[in-house]
Amino acid sequence: RLASARHCMVLTGAGISAESGIRTFRDTMEGLWKDFDPAALATQEGFDAAPALVTRWYDWRRLGCAQAQPNPGHIALAHIESALTGRGGAFDLFTQNVDGLHQRAGSRAVHEVHGSIARWRCTKTGREFDPGPEAFAEFPPPSPWGGLLRPGVVWFGEILPQEVLDRAEQVLDRCDVFLSIGTSSQVYPAAGFMELAAVRGAFVIEVNPMETPLTRTAEISLRGRAGEIMPRLAEAAF
Ligand code: BJW
């Protein structure tokens, strides 16, 4: 299926970066939400109540992401993209991850559904700010334009970037193969991409060591780690 795909759409989640040492959110042993409260840290209300705590937490995670390296799962997806586009096919990778590892692995058509932890923005003007390689000196970090700086990620209750949703809508109409990799399929609207792809006739493959609420939507579930399964899938297909 992958070898003959005309347009492959991929949705990745935190699981694909787990083998790069970045913690997932909902895994019972390693997930971030085991130790941290999502309502306090990943919402506008949490930021308004405790901006120093929230920005310190995101800055700590930002530096961890900058130090992490892409793993064989990320690299296999970059190979699949170049093999497919090299023979006239199309490929679009939607990632819920904010870590930038797909781009660093060489993927080109990457759409960041939940933003990026490396880009921050001014709460007053909305202008983007690149914090650079060092930790912020104070928390919450002041913005050069008068407000505060907040991470450029999408919190619960916030709208996803419109251009990403528009592109997803287009690709969902066209894709004939859909790969869901390393996501618990619990956070909407991104989780709904898999359901929409299946309804619109794409062949859906899930890659995850665990069952998810949407496993039954997939035609094939490959149970295992993305860093082991994806290179084998790429090698088998191309
Ligand atoms: C491996 C592995 C290995 C481990 N290899 N796999 C419809 C129904 C119900 C609720 C809603 C709905 N529509 C909207 C909502 C509300 C809400 C939502 O979905 N809530 C649910 C939790 C119930 N959604 C929103 O608020 C979204 N906005 C929105 O809808 O706006 C419109 C609106 C506004 C107001 C009201 C209604 C509508 C925004 C969602 C933003 C999510 N933000 C976060 C934080 C980003 C910043 C940050 O990094 O801090 O995004 S939350 C967190 O979850 C993060 C992730 O991108 C996201 C998804 O998690 P993911 O990636 O799936 O990770 P995990 O940990 O859950 O799963 C990891 C998986 O990997 C597991 O399955 C493992 O088994 C697997 N794995 N190792 C492969 N080696």
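Predicted model: local features only at pLDDT ≥ 70, side-chain atom pairs only at ≥ 80, totals over all residues.
Close-up 1. Three strands are arranged in the order E5-E4-E6 as an open sheet with antiparallel pairing, where strands are DSSP runs of E with at least two residues, numbered from the N terminus, and two of them pair if DSSP finds at least two bridges between them. Strand E5 (128-129) and E6 are the edge strands, each pairing on one side only. E4 and E5 are joined by 2 bridges, and Arg 121 stands opposite Glu 128 in E5. Residues are numbered from 1 along each chain as its sequence is written; local features need pLDDT of at least 70, side-chain atom pairs count only at pLDDT 80 or more, totals for chains, interfaces and linings use all residues, and side-chain values use heavy atoms, without hydrogens and water.

**Close-up 2. The second largest pocket.** This pocket (an open set of points on a 1 Å grid over the protein atoms alone where a 1.4 Å probe fits, with protein on both sides within 12 Å along at least five of seven lines) has a volume of about 210 Å³, taken as the space filled by probe spheres set on the points, which are joined across faces, edges and corners. Its 14 lining residues, those with an atom within 4 Å of a point, include Arg 121 and Glu 128, which are among those nearest its centre. E4 gives the largest share of the lining, 4 residues.

**Close-up 3. The largest pocket.** The largest pocket holds about 1200 Å³ of space. Of its 50 lining residues, Ala 14, Gly 15, Thr 24, Phe 25 and Arg 26 are the closest to its centre.
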